[in-house]
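Hi,

Here is the structure I promised to pass on. Have a look, and then read on for what turned up inside.

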Amino acid sequence: MSASLAPECNDVKERYDTCFLKWYSEKYLRNTAATDECEPLFGQYKTCLTKKALKERGIDQMLEDAKADNKENDAEYMKPSAR
Amino acid sequence: MRIFASQHEFAYSWEEVSTNNWRKYCAHNDKASHVLAVDTLSRSLDATTHILRTERLITCRQSMPQWVKRIMGSDDTSYVYEVSYVDAQAKRVTMCSQNMTWSELLQVQEKVVYTPSVEAEGHTRFEQSARIIALCGGWQKIKNSIEEISLERFRQNAAKGREGFERVLEISRQVFAQQREEARQQREGVAA
C-alpha cells in the first residue's frame with residue numbers, strides 16, 4: 001500500500017488499509033456488509049492525519065474548496081445506478 | 001479547454017479490478033513513482049443504497065518545464081482531491097478527481113468509471129475522461145500552451161497508469177493463486 005503524507009501516521013494507516021481491503025473484498029463486494037467494520041481504526045488514522053498533517057501543510061482550506069466543488073458529483077453518483 | 005477520453009479493457013474481473021484499485025499506488029507499481037502518498041480522508045457506507053463513498057487526498061510530485069514553474073510557482077508537490085463511489089450491486093466504480101494545487105490557475109477534472117465488460121465475460125471496462133482548463137489571466141497563447149502541456153502530461157500519466165495497474169492486477173492474481181495453492185496443500189497434508 002502507499003505511504004501517508006504524514007510519515008508519523010504510516011503505521012496506523014497500514015493497519016487501517018489492511019482492515020479495509022479485507023472487509024471490502026470479503027464482505028462489501030459479496031453484499032454481506034451491514035456496517036463499515038474498520039471505522040474504529042479509521043478514527044485513529046484520521047485523528048493522526050487531521051491533527052498534524054492537514055493543518056500544518058495548509059491543506060485544510062484547499063480541501064474545503066475542493067469539497068464545495070464536488071457537490072454536483074455527490075448528487076449524481078450517490079444515486080444507485082440501474083441494476 | 002482540452003478534453004481527454006480513453007477506454008480500455010482489463011482482462012480481470014470487476015471484483016479484482018475494484019479491489020486492486022485501492023492499492024494501485026503500492027510499491028509494486030514503479031510506473032506511479034510520481035505519487036508520493038495516498039491518504040483516505042473519509043469513508044461512508046450508505047445504509048439504503050449500499051454505495052461506498054470515499055474521499056482521498058493524493059500527494060504527487062512531478063517535474064515541470066521551467067517556464068511553467070515560473071508562472072505557477074516552483075513547488076513540485078501538488079495535491080489531488082478524489083471522491084469515489086462504489087455501487088457493488090450495480091457493479092460500478094466512479095472516481096472523480098480534481099487538482100487542488102494551482103487550482104486558481106489550472107483546472108484538471110478527471111472521471112474514471114469501471115464496469116464489467118459487455119464484450120468479454122470476466123473482463124472489466126475502464127473509461128477515463130478529463131477536462132483541462134487554464135484559468136490564469138494573460139494571453140490566450142499562454143493559456144493554450146499550458147493546456148497543451150497539461151494534456152500531454154495527462155496522456156503520459158494515463159498510459160503509465162494503465163500499465164502500472166495491469167502489473168498490480170497481475171501480481172495480485174499470482175499472490176492469490178499462490179495462497180489458494182498453499183491452503184489446498186495444507187488441507188491435503190492434514191487429510192493425508
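Which residues line the second largest cavity? They are A:Met1, A:Ser2, A:Lys13, A:Asp17, A:Phe20, A:Leu21, B:Trp22, B:Tyr25, B:Val38, B:Thr40, B:Arg43 and B:Arg56. A cavity here is a set of points, on a 1 Å grid over the protein atoms alone, where a 1.4 Å probe fits but cannot get out, and lining residues have an atom within 4 Å of a point.

Some housekeeping: this is a predicted model, where local features need pLDDT of at least 70, side-chain atom pairs count only at pLDDT 80 or more, and totals for chains, interfaces and linings use all residues. Residues are numbered from 1 along each chain as its sequence is written, chains are lettered from A in the order in which they are written, and side-chain values use heavy atoms, with hydrogens and water left out.

Back to that second largest cavity: its volume is about 120 Å³ (the space filled by probe spheres set on the points, which are joined across faces, edges and corners). α1 (10-28) of chain A gives the largest share of the lining, four residues (helices are DSSP runs of H or I, at least four residues; strands are runs of E, at least two).

In total, the structure holds three cavities of 30 Å³ or more.

Cheers

Key. On a 1 Å grid over the protein atoms alone, a cavity is a set of points where a 1.4 Å probe fits but cannot get out, and a pocket is an open set with protein on both sides within 12 Å along at least five of seven lines; lining residues have an atom within 4 Å of a point.
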